[in-house]
Amino acid sequence: MRQSTIQLDEFAGGTGYKKRKSITLDTGSTYDVIYLKTTNVNADQIEKITMTIDGDTKVDIFGSDLLMLEAFRGIYAEAGVFCLRFADIKARTQDGVNLTGYVTNPGENIILTIHFGPATAQQTADGVSPEVEAWADMRPNLLKDGKMLRRLIDYRLYRDDIAADKTGKVNFKTFDRGPRIRALHFDTPRVTDLEIKRDKITRYEAPKFINDMRLQQIGQRVPQEGFFHFDPIVSNYAVADLLQTNGASFVISPTVSTAGAIPVLFGTLEMA
């Protein structure tokens with residue numbers, strides 16, 4: 001077996017709703033996925049999940065984002081379990097899986113925090129509190145030749161808004177060029193088309209019906225209601241097909257049916 005599945009240490013923090021619980025992750029191994037088993041918690045009550053490394057935020061998302069991502073990839077979900085997945089288990093090659101796991105270095109301070117929202121009326125009446133446990137699929141960093149695996153790719157998963165003060169095509173030109181895009185999930189039914197240009201050359205251009213057809217035909221993805229999913233690695237070549245953003249210019253141009261901020265879940269990989 002390449003992986004070991006282990007239970008992580010207990011979470012520490014406040015007891016009750018509208019509190020947060022954190023765990024400091026052990027380092028020196030590669031994390032493929034972290035399973036968060038919750039009790040007395042609805043998906044919308046996990047208001048935020050963050051992961052920081054030495055103070056640098058790598059993950060900053062809603063709990064519901066994790067459920068959406070698993071459903072989009074067609075991965076089985078267990079009730080009450082939220083999966084923070086780093087490695088692409090559907091990658092076509094073993095290298096693709098290995099390279100997308102999250103390598104941790106000895107001595108790093110890695111903190112995973114869950115922010116709980118307020119209790120429901122029923123939870124208050126029942127006198128229950130949110131609980132969370134964690135397991136992880138991990139691989140050792142020690143290679144066969146005795147050398148230690150080092151982090152080649154840095155993972156980020158976060159939310160941001162694209163301003164859209166008009167109907168029609170919106171040009172988002174301020175994406176930080178350099179990271180490679182793993183996926184963009186536009187969290188609104190208002191996005192009807194998407195165009196992406198790098199160095200003034202069109203890299204992607206499709207309306208939603210073509211985009212969704214490709215997702216299902218090529219990658220057996222499951223487009224989620226209310227989302228426009230841009231997935232450059234739909235072919236499951238998890239590294240080779242990442243969308244490069246470096247260059248003189250990089251523009252993401254969604255077309256919207258009505259004006260208003262466009263919430264986007266960004267998944268990126270950076271060369272460490």
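**Ground rules.** I number residues from 1 along each chain as its sequence is written, and side-chain values use heavy atoms, with hydrogens and water left out. In this predicted model, local features need pLDDT of at least 70 and side-chain atom pairs count only at pLDDT 80 or more, while totals for chains, interfaces and linings use all residues.

**Sheet.** I looked up the strand order first. I take strands (E, at least two residues) and helices (H or I, at least four) as DSSP runs, numbered from the N terminus. Two strands pair if DSSP finds at least two bridges between them. An open sheet of 9 strands runs β2-β3-β9-β5-β6-β11-β18-β13-β16, with mixed pairing. β2 (12-13) and β16 (228-230) are the edges; each has a single partner strand, so one side of each lacks a neighbour in the sheet. I then checked one pair. β3 (residues 20-25) and β9 (residues 110-116) run antiparallel and are joined by 6 bridges. T24 stands opposite I111 in β9.

**Cores.** A nonpolar core here is a set of buried Ala, Val, Leu, Ile, Met, Phe, Trp, Tyr and Cys residues joined through side-chain atoms within 4.5 Å. Buried means under 20% relative accessible area (1.4 Å probe, protein chains only). The largest core holds 40 residues, and I34, L36 and L112 have the most contacts inside it. I listed the partners of L36, with contact meaning heavy atoms within 4.5 Å. Leaving out residues up to four places away in sequence, L36 touches F11, I49, G80, V81, F82, L112, I114, V132, E133 and A134. A second, separate core has 22 residues, including V170, F175, F186 and V256.

**Cavities.** On a 1 Å grid over the protein atoms alone, a cavity is a set of points where a 1.4 Å probe fits but cannot get out; lining residues have an atom within 4 Å of a point. I count 3 cavities of 30 Å³ or more.

**Pocket.** A pocket is an open set with protein on both sides within 12 Å along at least five of seven lines. The second largest pocket has a volume of about 160 Å³. Among its lining residues are R156, Y158, D160, F175 and E270. β11 (153-162) and β18 (262-271) are the elements giving two or more residues to this lining.

Note on methods. Points joined across faces, edges and corners; volume = space filled by probe spheres on them. Buried < 20%, exposed > 50% of the residue type's maximum accessible area, 1.4 Å probe, protein only.
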